[in-house]
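Here's a quick briefing to read with the model open beside you. Take a look at the fold first, then the contact between the chains, then a few backbone details.

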Amino acid sequence: MKQSRVEISANVQLSKSIFRMELVAPEAAAAARPGQFLMVQASDDGYDPLLRRPFSIHNVTSSGEVHIAYKVIGRGTELMSRMAAGGTIDIVGPQGNGFTVNGKHHFIVGGGMGIAPMQFLTKKIVKEAGKPKVHILLGARDKAELEAFNEYYNPISGVDVRLATDDGSFAHHGLVTDLLREAGGEFGAGQHMVYCCGPHPMMKAVATLSRELGWGCQVSLETMMACGIAACLGCTVESTKLNSKGGAYLHVCQDGPVFNEGDIKW
Amino acid sequence: MTASGTFGYGEEFEEYLPLEKLGAIVVKGISFNPRSGNPPPRIVETACGMLNAIGLENVGVERFIKEKMPYLQKVGNKTIVNILGDSIEEYCAIVERLNDVSGICAIELNISCPNVKKGGVAFGTKASMAAEVTRSVKNVCNFPIIVKLSPNVTDICEMACAVQEAGADAVSLINTLIGMAIDIEKKRPVLANTIGGLSGPAIKPVALRMVWQVSQAVTIPVIGIGGISTWQDAIEFILAGATAIQVGTANFVNPNAAEKIRVGINQYLQDNGIESIADLIGAAHPGR
């Protein structure tokens, strides 16, 4: 079953408002692919807040754990932040499609909480392509937001890691797109792939730049979702092509959350 | 039953509950031609509820028959097809196309969707128009007709009586309540459609009251809908006079909600020594 109540093995505070919840979920761990997501019920009674929250899969362990990283921004994530190890939580998933690893060089671009799904993806790409072919480009608002994920990017020796903060409190002062443009100058045209997750304006800029560079680009989108199983049809994005139902919209939960950037009407 | 618009065409839920054990699957509303629906954002969460303005996105009747019905026929469940149109002629055309399709046990007329500009709610807010569309469809339909009523009216009993008079075999109520939400940062409505339909536990007391009133005003069966999330909610609706219930938004929250409710109702009957659920229908009414 894709719905299960699972044990929380840890709920680690990574920064003032960012947490990592570690779940004992062997079935989900075995099935998960980078870029997929879980629908998590933040309340016990299912009334307040009513709807599940979609969270990208941050990491999967060989011992059968699935990790999600989340930022406390509303009532649901506030409730989640107070959950302790040993408790249980209801999940549905893994849902959606994932990233497709394809290219000579791989540019993993994460912005803010869009960094969350990149750890799982990085492991997969490193395994398939080898460390010298992997380039991690991360941007965040400030040092604290970026440092929440330092356990992810710090230990990866042999991988090219480039960092930026909007306020200049750490690493490059500027946007992650600056880092991508810089990498574009180094690697030139070629069969390279960009994997991107972050705020919509950032993904739009990365998609545009990737096109200019002649590189492929996959984006992981986030929208408001009620069900995550393609029943509510609420999580739509405008598309440049007709969807499987013949309409002009794609559904993030079913057709995504990962899309080729050319499929999205930016 | 599962409520239209919250259970897709059934197959979306096959991994989460035994579909064949449901009383019936009421499928996503079908129009004659496919519809793309409204632009995003289409949904927003509210206190114990949600607003939606999906805009009746659906595959249209031809693709429904070709691509969706075979799965429903294979499941072997009772299928109720919810239909919608911009005109009485469109409602009739859909029904005529469905008349010879096996596996359908009833038609539910959606005359109460608040999220489309034409048709929809216009039929559901005037008793004379509701009666007219019901009568017209009844004349051409091989199946029993359930008319789904809007709560966005002055007197829902008047609407129920009108469609009963026009030949409806049952009524289902309620559809969503019209509402809206505003983004205080952007200072704009959240939904691209500005207004949407409110559903979920927040609307349950309103729905229960309307089922209570309508079940005393008509003689045909009343199907209760509106915020039913637990078996206790379902029992309340049956005690209020509902012959059956539909589970809607709860399917989004817990994809196995309908099964949990079905099992819970049976357990309640067993625990209380009640042989038939018919004994409970309207049992909360005075004099029962």
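Count the contacts in chain B between residues at least 6 apart in sequence, and 70% of them join residues at least 24 apart. Bear in mind that this is a predicted model.

**Chain B overall**

- Chain B is built from nine helices and 13 strands.
- With a radius of gyration of 18 Å, close to the 19 Å that the globule rule gives for 288 residues, chain B is as compact as a globular protein of that length.
- Of the 288 residues in chain B, 59% are buried.

**Surface and charge of chain B**

- Chain B has an accessible surface of about 11,200 Å², and carbon and sulfur atoms account for 52% of that.
- On the charge side, chain B carries 24 positive and 28 negative side chains.
- The centres of those two sets of charges sit 5 Å apart.

- The size of an interface is often given as the accessible area lost when the parts come together.
- Here, chain B and chain A bury about 2,800 Å² between them, with 60% of it on carbon and sulfur atoms.
- On the chain B side, Tyr16(B), Glu45(B) and Val253(B) lose the most area to chain A, and together they make up 23% of what that side buries.

**Cis peptide bonds**

- In chain A, the bond from Asp48(A) to Pro49(A) is cis, with omega near 0 degrees. Pro49(A) is in the loop that runs between strands E3 (37-40) and E4 (53-56) of chain A.
- In chain B, the bond from Pro40(B) to Pro41(B) is cis, with omega near 0 degrees. Look for Pro41(B) in the loop between strands E1 (25-30) and E2 (43-46) of chain B.

**Positive phi without glycine**

- Ala171(A) isn't a glycine, yet its phi is positive, near 55 degrees. You'll find Ala171(A) in the loop between strands E10 (160-165) and E11 (172-173) of chain A. Its relative accessibility is 45%, so Ala171(A) counts as partly exposed.
- Ala230(A) also has a positive phi, about 65 degrees, although it is not a glycine. Ala230(A) belongs to the loop between strands E13 (216-220) and E14 (236-238) of chain A. Buried means under 20% relative accessible area, and Ala230(A), at 7%, counts as buried.

Definitions and conventions
Residues are numbered from 1 along each chain as its sequence is written. Chains are lettered from A and ligands numbered from 1 in the order in which they are written. This is a predicted model: local features need pLDDT of at least 70, side-chain atom pairs count only at pLDDT 80 or more; totals for chains, interfaces and linings use all residues. Side-chain values use heavy atoms; hydrogens and water are left out. Helices (H or I, at least four residues) and strands (E, at least two) are DSSP runs, numbered from the N terminus. The radius of gyration is taken over C-alpha atoms; the globule rule is 2.2 Å times the number of residues to the power 0.38. Buried means under 20% relative accessible area, exposed over 50%, partly exposed in between (1.4 Å probe, protein chains only). Contact means heavy atoms within 4.5 Å. Accessible areas come from the Shrake-Rupley method with a 1.4 Å probe; for residues, only the protein chains shown count as cover. Lys and Arg count as positive and Asp and Glu as negative; His and the chain ends are not counted. The place of a charge is taken as NZ of Lys, CZ of Arg, CG of Asp or CD of Glu. Buried area is the accessible area (1.4 Å probe) that two parts lose on being put together, summed over both.
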